[in-house]
Amino acid sequence: MLAKFSELKEENSALKERISSLETGLTDKLDTITSELAELKKQVEEEPETDGNTSGTNLQEVQDLISKSLKLYAADEVGMPDFALESSGAVVFTIGETEPYTRDTPWMGVFGISIWRSCKTPRLAIQKDNSPGNCWSFTGDKGSLTIQLSAQVFPEHFTVDHIPLELAPNGNASSAPYYFRVLGLDYGNAPKGHVLGNYEFTEFPIQTFAVQQNPYEKYFRFVKVEILSNHGNKDYTCLYRFRVHGRPHDTDTYNG
């Protein structure tokens with residue numbers, strides 16, 4: 001027991017060091033960007049008037065550019081609306097026969113008596129919080145998730161999220177999805193779907209994929225992601241977030 005405690009203590013210390021290193025790197029990058037923007041603003045303000053254009057006009061252009069960049073970053077970091085986002089109206093329709101992973105989750109109890117183990121809901125895969133461990137986990141390396149999107153969408157891109165390797169407790173991404181397939185469904189329980197693409201998730205922490213095919217140019221309200229393998233974890237797979245990007249149907253209003 002003491003040896004296990006010491007091992008956990010060392011892992012916790014290593015994790016804190018990784019987080020501290022990442023925070024330092026992000027702070028340095030933010031300071032650099034802020035300094036560059038301040039210098040650019042100074043140069044624009046000092047620029048002489050030419051051809052009737054004032055420095056004030058140029059300054060406004062810079063401010064507009066900064067504002068646009070911030071809006072793009074706020075648009076979920078990839079610059080595209082996510083129609084699979086729960087807070088915008090998407091819901092998990094079904095996980096089919098996928099077996100939730102519960103081995104490392106706490107017991108739930110009533111009146112102090114342990115009754116069942118909790119499991120991490122698939123809803124986590126359509127939410128924004130990508131904190132370490134805050135993922136939908138299922139047993140083995142194969143599983144599926146069917147999502148009712150927030151609008152009827154002509155799909156154009158998909159995005160898969162995982163945590164940065166620097167934040168992974170063991171320093172690797174063995175539980176991350178690897179091979180996966182995405183299908184558009186005519187309705188939630190459709191026995192067959194329209195394959196929109198087959199992909200490999202290899203770029204952490206976020207990778208965006210273009211739709212490979214949609215021969216009938218269909219709009220879909222339901223999308224199914226089938227995870228076919230992970231990066232080597234034999235016990236479980238973690239899906240932190242799955243996003244769907246595209247064009248909503250003219251009759252639908254997107255609330256994102």
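Phe158, Phe180, Tyr199, Phe209 and Phe242 form one aromatic cluster, where rings of Phe, Tyr and Trp (its six-membered ring) pair if their centres lie within 6.5 Å, and planes under 30 degrees apart count as stacked, over 60 as edge-to-face and the rest as tilted. This is a predicted model, in which local features need pLDDT of at least 70 and side-chain atom pairs count only at pLDDT 80 or more, while totals for chains, interfaces and linings use all residues. Residues are numbered from 1 along each chain as its sequence is written, and side-chain values use heavy atoms, with hydrogens and water left out.

**Aromatic pairs**

- A search of the whole structure finds 11 aromatic pairs.
- The rings of Phe180 and Phe209 have centres 5.2 Å apart and planes at 80 degrees, so this pair is edge-to-face; it links distant parts of the chain, with Phe180 in strand β6 and Phe209 in strand β8 (residues 206-210), 29 residues apart.
- For Tyr199 and Phe209 the centres are 5.1 Å apart and the planes at 50 degrees, so the pair is tilted.
- Tyr199 is buried, and so is Phe209, buried meaning under 20% relative accessible area, exposed over 50% and partly exposed in between (1.4 Å probe, protein chains only).

**Nonpolar cores**

- The largest nonpolar core has 30 residues, and those with the most contacts inside it are Leu145, Ile147, Leu149, Phe180, Val182, Leu239 and Phe242; such a core is a set of buried Ala, Val, Leu, Ile, Met, Phe, Trp, Tyr and Cys residues joined through side-chain atoms within 4.5 Å.
- Strand β5 gives the most to this core, with 7 residues.
- A second, separate core of 5 residues includes Cys135, Ala168, Cys238 and Tyr240.

**Leu239**

- Leu239 is found in strand β10 (residues 236-239), strands (E, at least two residues) and helices (H or I, at least four) being DSSP runs numbered from the N terminus.
- At 2% relative accessibility, Leu239 counts as buried.
- Leaving aside neighbours within four places in sequence, Leu239 is in contact (heavy atoms within 4.5 Å) with residues including Cys135, Trp136, Leu145 and Ile227.
- Leu239 and Ile126 are 113 residues apart in sequence, yet 9.6 Å apart in space, C-alpha to C-alpha.

**Strands β5 and β11**

- Of the 8 residues of strand β11 (residues 241-248), 6 are buried, so this strand is largely enclosed by the rest of the structure.
- Strand β5 (residues 143-161) runs antiparallel to β11 and is joined to it by 8 bridges, two strands being paired if DSSP finds at least two bridges between them.
- The bridge partner of Pro155 in β11 is Gly246.
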